[in-house]
Amino acid sequence: MWEKVEPMDDFEQELAQALVRRPAPPSLKRKIMARRSEHGPRRPAMPWQRLAAGVVLAAMLGGGVLWRQLVEERRKGEAAREQVLTALRITGHALNDVNSRLASRRSEQR
Amino acid sequence: MAHDWQADFEQLVDAHQSMVFSLALRMTGDRGLAEEIAQDVFMELDRHLGRIESPEHACHWLRRVTMSRSADALRRRKVRGMDLWVGIDENHGAHASMEERSSPLGTRLESMLATLPEAQRAALVLRYQEDLTPEEIAATLDAPLATVKSQLQRGLKLLRAKATSGLREFVRDKKYVGEG
């Protein structure tokens with residue numbers, strides 16, 4: 001029934017005749033072209049434009065990744081510096097402790 | 001070669017404005033709205049011109065977008081509580097232009113088509129105005145093939161039933177007019 005090779009019955013033929021395309025209003029094309037010129041002709045992007053857009057996007061993404069890495073390295077450096085300072089403070093305390101014990105022993109021996 | 005083809009907007013408008021306008025008109029029943037839809041569809045085509053690969057692609061794309069825009073317009077009107085299909089002859093002088101081109105019987109059939117549910121009307125318009133196969137209709141409406149076949153069969157059955165009773169009256173009226 002639906003294959004194009006099969007003929008339509010009388011009713012379907014009458015329906016197809018009733019549904020012929022109507023001509024568009026004469027003003028339609030003029031209105032479309034006017035609306036188009038209002039917005040300016042939009043042309044598809046040229047290959048070099050697409051390439052340039054791709055390069056800019058890639059540069060932005062790359063820059064973002066690099067900046068993130070830099071921030072992360074700086075944060076790790078700060079943490080390492082804090083750890084070294086803490087270790088030095090602990091060592092200083094320990095040395096002071098040993099020093100005071102030695103001083104007290106010497107005074108006892110005298 | 002499809003790749004050698006360059007879309008020319010103005011040529012596409014010339015070639016397809018009648019198709020786009022007719023589809024929108026038969027789906028909405030309003031000449032003014034159909035004209036607005038046609039304008040919007042071509043503006044959208046302009047924005048997508050770079051992606052159109054061939055004349056066939058352009059035609060398929062235009063059908064798809066027109067049907068989708070028409071369905072949106074019908075939905076918006078339903079939300080506002082308006083019934084567009086009050087009668088095609090009440091809108092913007094559609095009756096006059098219809099009679100110029102169609103037989104009185106055809107005009108009656110077209111009016112009856114307008115009373116069908118939207119999905120059935122869409123399938124029948126694409127089938128009998130655009131001469132598409134059910135597969136092509138399914139691709140255009142983005143609907144399953146089985147659904148489209150069912151809509152076509154149910155729509156045609158309903159239209160035949162309406163025509164059987166409606167056209168009997170029509171023939172009787174014509175006879176009276178002829179005798180008078």
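These are my notebook entries on a predicted model with chains A and B.

**Entry 1: the core.** I looked up the largest nonpolar core first. It has 47 residues. Those with the most contacts inside it are F21(B), A24(B), A38(B), V41(B), L124(B) and V125(B). Domain 1 (1-101) and domain 2 (102-180) of chain B both contribute, so the core lies between them.

**Entry 2: V125(B).** I set aside neighbours within four places in sequence. V125(B) is then in contact with L23(B), R26(B) and M27(B), and also with L19(A).

**Entry 3: where the chains touch.** I noted 24 residues from chain A and 32 residues from chain B in the contact. On the chain A side, α1 (10-18) and α2 (26-39) each give two or more residues. That side divides into 14 nonpolar, 9 charged and 1 polar.

**Entry 4: helix α2 of chain B.** I checked the length of this helix, residues 31-47. Its 17 residues should span 24 Å at 1.5 Å a residue, and the end C-alpha atoms are 24 Å apart, which agrees. Buried residues in α2(B) include L33(B), E35(B), Q39(B) and F42(B). A38(B) and V41(B) are also buried there, and both are among the core residues listed in my first entry.

**Entry 5: R127(B).** Is R127(B) buried or exposed? R127(B) has 25 C-beta neighbours inside 10 Å, and 20 or more make a residue buried, so it counts as buried. I placed R127(B) in helix α6 of chain B, residues 118-128. Beyond its neighbours within four places in sequence, R127(B) is in contact with L132(B), I137(B) and L152(B). R127(B) and I137(B) are 10 residues apart along the chain, and their C-alpha atoms are separated by 7.2 Å.

Methods: Residues numbered from 1 in each chain as written. Chains lettered and ligands numbered in written order. Predicted model: local features only at pLDDT ≥ 70, side-chain atom pairs only at ≥ 80, totals over all residues. Core = buried A, V, L, I, M, F, W, Y, C linked by C-beta atoms within 7 Å. Buried ≥ 20, exposed ≤ 12 C-beta atoms within 10 Å, placed from the backbone. Domains from an automatic or database assignment. Contact = placed C-beta atoms within 7 Å. Helix = DSSP H or I, 4+ residues; strand = E, 2+ residues; numbered from the N terminus. Nonpolar A, V, L, I, M, F, W, Y, C, P; charged D, E, K, R; others polar. Expected span 1.5 Å × (residues − 1).
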